[in-house]
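User: Hey, could you walk me through this one? I'd like to go over the fold, the packing and the chain contacts.
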Amino acid sequence: MSTALVVLLVPVLGAALASLAGARRNLVTLSAVAGTVATFLVALFMPGASAIDVPWLPGLGTSFALDPGGAASVLVVVAALVMIPTALVGSLTVEDKPGRFVAWLLLAQAGLNGIFMARDLLLFYVFWEGTLIPSLLLLGAFGLDKRRAATLKYLAYAVTGSFVMLVTILALKVLSGAATFHLEDLVLAARDLPVTTQAWLFAGLALGMVVKLPLWPLHSWLIDLNEQNHPSGAADVLGTLYKVGGYGFFAWALPVLPLGAERLAPVLIALGAFTAVYGAVIATNQTNLKRLLAYASLSHMGIVAVGIFGLHVAGLNGAIYLLAAQMLSTGGLFLITGMLHARRLSFDVDAYGGLAKSAPMLAAVSLFLIFAFIGVPGLGNFPGEFLSLLGAFQTAPFAAVVATLSVIAAGVYGVNVYQRLFQGAQTTPARDLGPVELYVLVPFVAGVLWLGFSPAPQLDRIEAQSQLAVVQLATVDEPTQADVGAVAAERARGGPPEELALAATEPGPAVEGVR
Amino acid sequence: MSFPPVLDVEWSHLAPALALLVTAIASLLVALFQRDSKLTAAVALLGVGTAFTFNLSTFLAGGAGEASFGLRYLADTPSLAFNFVILVGTVLAILVSYDQLTRLEMDHPEYYPLMLLSALGAMVMAAAGDLITLLLGLEILSLPVYVLSAWRSGARQSEEAGMKYFLLGAFGSAILVYGSALLYGAAGTFVYEGVVAALSQGSVLSLATLGAGLVIAGLSFKAALAPFHQWSPDVYTGAPTTVTTFMSVVVKAGAFAALIRLTATVLPEVAPWLTTALAVSVALTLVVGNLAALVQRGVKRMLAYSAVAHAGYLGLAVLAPAFGGVEAAVWYLTAYTLMNAGAFAVLTLMVDKNDHGDDIERFAGLGHTRPGLAAALTVFLLSLGGIPPLAGFAGKVMVFEAAIAGGFVWLAVIGILTSVVALVYYFRVVAAMYFRRPEYEGPTFRSSATAIAVAAALVGTVLLGILPGWWHDAIRGAAQAAQTALGF
């Protein structure tokens, strides 16, 4: 059986075992660990493994096409590494029905792996949408008091975006005359579509992906989701893994609709730069740890968008690398908020203080992950952030400058939150990391170091895939002056003031950097 | 176009329908002497099984383009495929009813024969190649359902449902008859093929358009397309839940099978405004069905309005028969039959013995009290909402693809925006089951027959969703063959 299929099925199997285990916590823990470790081990064999492509719904031109190579081989491996401690924490901390919690977590992981590996656009959508349900259920069934409102908001945002994306996907095939939904067919067929059609189709796809990325102003579901999720943070980690919007742009929207991408990139890069600053600034004012992390990671997603919509190869590679690194650093920090909550039953920063004395190990690991999160060189996020901004500087320097400001703000909120939690006057002593908690955090520390010190092999694999987008973007014609004028007019009509200010200063076609 | 002078009857093509007819009559006779509904249920299942076997053998023999009675009764692959859907729906409804008749105090053995007769009518409608056969099918389909809707004698709600259904149904039939007469006036024949031939030679277009419009309006009553849908939420809610299970799938299958044959043959030949009118009606159905379902408190009534909404999705396929709409309609109906009958089957377990108690509060905490039942209902509802990888998703992709290819992009956009609303109301039930604590004691009634129906529908919904290709290929191969044979 091919590696791609195994990577997809092992988490499903783990989910089945966990749900059969029901309330017997030992068995749930066992299936959580076994399922995630097995997935991780299989995922290590993904680079170089063969792709599969079998007819699925031939009448509609859909095939079950999975490619374990390229960016998938990085993202799936990192996600699998993150899932090991996450599932373990879930199985240990969820009071009622841990089996159900772990099962939904693992089902979502299977869906994620599918999203990253799919090479058929309809299949991509199947995984994209299928993954939504377990993450919704995790929030709604295991979240805090206001979880139902948060679930509804999440559902409304996500489904509106993705249903529009579905119609766009169907229209894309019909309008382009492609024989199948296969990536290669779509790339060949859609390049001849007129600019306006491409722009509309791109906008349709972008709606779904921007919601998931997310970018301002479609981000507010994310904050509520993180705030209301189960206090252990395990479900929030899944939310971190499930930010697939950036990947969707990278793997599908850019290569298939290069003209549309070029047309809308100025708007989207402006949104990205604004989101980066907006998220970071708001994060500095938050007192709820989970909201703080949510805004901070929103800010990073802004940088991802800036990297992608710079439409430059370095930025594309960097954005995907940053997505992978984010899984580790944000994931680890969410689990740490869960551990803090287990000690004080509060997410309020003010409930803590001076914990470094009583819990030095917890403080050390937290500081390490915060450093990774805010992009200290040598740790996971740095190569991704650096390349994203570097790529954007080639083509849209103003947006890149603005986004870089968020890195400075990151230093502020990062150091600030560490000080308020761990330094200053000591509050009631808290116990330090227990052995299990320590094991839980080891994969994050190791992963952050791995991605920080040896980015080259991963970047090579990502670049193998970003070449497709780069080549497509390079082969399209320069937009005519009329097109540029039309884009400017569109901006002037719809954009809010901040975005307008950013977009207006950008130089015209952003694709030059690719050549 | 000339027709053979003698009746050309190909008995093997009538066999599935005849099997239902014979068993229905036989079990009616049995019921005279043996007042035991379990017995007639068994006979009915036997009849459905026989019909299924006959249907399968004709289907596998590739009976494309076969016709009896001079193109008046078509046993082509679309109609055979619709027969499968009808029979599956009937089996599920019989299983769901099996333990319920006594519990709901409506235990009369004639229940099952009437159900079979109605399914027979649906099959005749699917096979109808002329307007008279269509009318016959429609009446055979409808009369038993009127009676079944009022089956809980003494329950005012049920009797009212039956009466309302009968009056509005008769009204719909009258419109259909009137339209048939006008079409006959324009074309000089009742046979669709003949009508098409006459219209292409330039007969009275305005008369034919009016006639076709009235026929389609008459069918829209049965199909519950807006603005002819008003009866359906009331009847679906008022009728016994077991009967609603049957109506929501089998009656709908018959109506849409007939409708798509008309849109494939006659509709393109008449004035284009009729197509536009039908498209507007579909759009209206999508909007009204979904928005009305959103504000319902009772799950049964919500599902009734959701059935109206699904008529709208089927309408997308019906509008584009030449662009894969026929296969899409059959496939969608297959998926719809499984998931909708499944959802109603769960509902029959939830209601009390007065057939009440479908408020959403009753579902609160079902994930804790009856995890299996809750999981099954979740799958059915998510599939109805079009979430992959369940059957409803693949069906939705097919109907939307057909509509877009047929040039109805605006309808697809309306359809997808209303689907967001749909997911909200389906998910509300899921949310109640998993996100809330139980407020009432869980349902205590258990029935192994219903459990079998739920399990079968569940397996079908999941498997058809994961492996949608084989059934689509089967009906597509058939539909294409039929198109070449009949100019369909």
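Predicted model: local features only at pLDDT ≥ 70, side-chain atom pairs only at ≥ 80, totals over all residues.

User: How many helices and strands does chain A have?
Analyst: Chain A has 22 helices and two strands; these are DSSP runs, H or I of at least four residues for helices and E of at least two for strands, numbered from the N terminus.

User: And what box do its C-alpha atoms fill?
Analyst: Roughly 65 × 50 × 40 Å along the principal axes for chain A. Of its 515 residues, 66% count as buried, meaning 20 or more other C-beta atoms lie within 10 Å of a residue's own, with C-beta atoms placed from the backbone (12 or fewer is exposed, in between is partly exposed).

User: Is helix 10 of chain A enclosed or open?
Analyst: Largely enclosed by the rest of the structure, because eight of the eight residues in helix 10 (residues 234-241) of chain A are buried. They include D236(A), G239(A) and T240(A), and the helix's buried residues pack against helices of chain A, among them helix 3 (72-93), helix 5 (121-142) and helix 14 (313-344).

User: Switching topic: which residues touch the most other members in the largest nonpolar core?
Analyst: V306(A), L316(B) and Y332(B), out of 419 residues in that core. Helix 14 (residues 325-350) of chain B brings the largest share, 19 residues. A nonpolar core here is a set of buried Ala, Val, Leu, Ile, Met, Phe, Trp, Tyr and Cys residues joined through C-beta atoms within 7 Å.

User: What does Y332(B) touch?
Analyst: Leaving out residues up to four places away in sequence, Y332(B) touches Y313(B), L314(B), A317(B), G395(B), M398(B) and V399(B). Contact means C-beta atoms, placed from the backbone, within 7 Å.

User: How many residues of chain B are in contact with chain A?
Analyst: 29 residues of chain B, against 28 residues of chain A. Helix 18 of chain B gives the most to chain B's side, with 12 residues.

User: How does that side divide by residue type?
Analyst: Into 22 nonpolar, three polar and four charged residues on the side of chain B that touches chain A. Ala, Val, Leu, Ile, Met, Phe, Trp, Tyr, Cys and Pro count as nonpolar, Asp, Glu, Lys and Arg as charged, and the others, Gly among them, as polar.

How values were computed: Residues numbered from 1 in each chain as written. Chains lettered and ligands numbered in written order. Contact = placed C-beta atoms within 7 Å.
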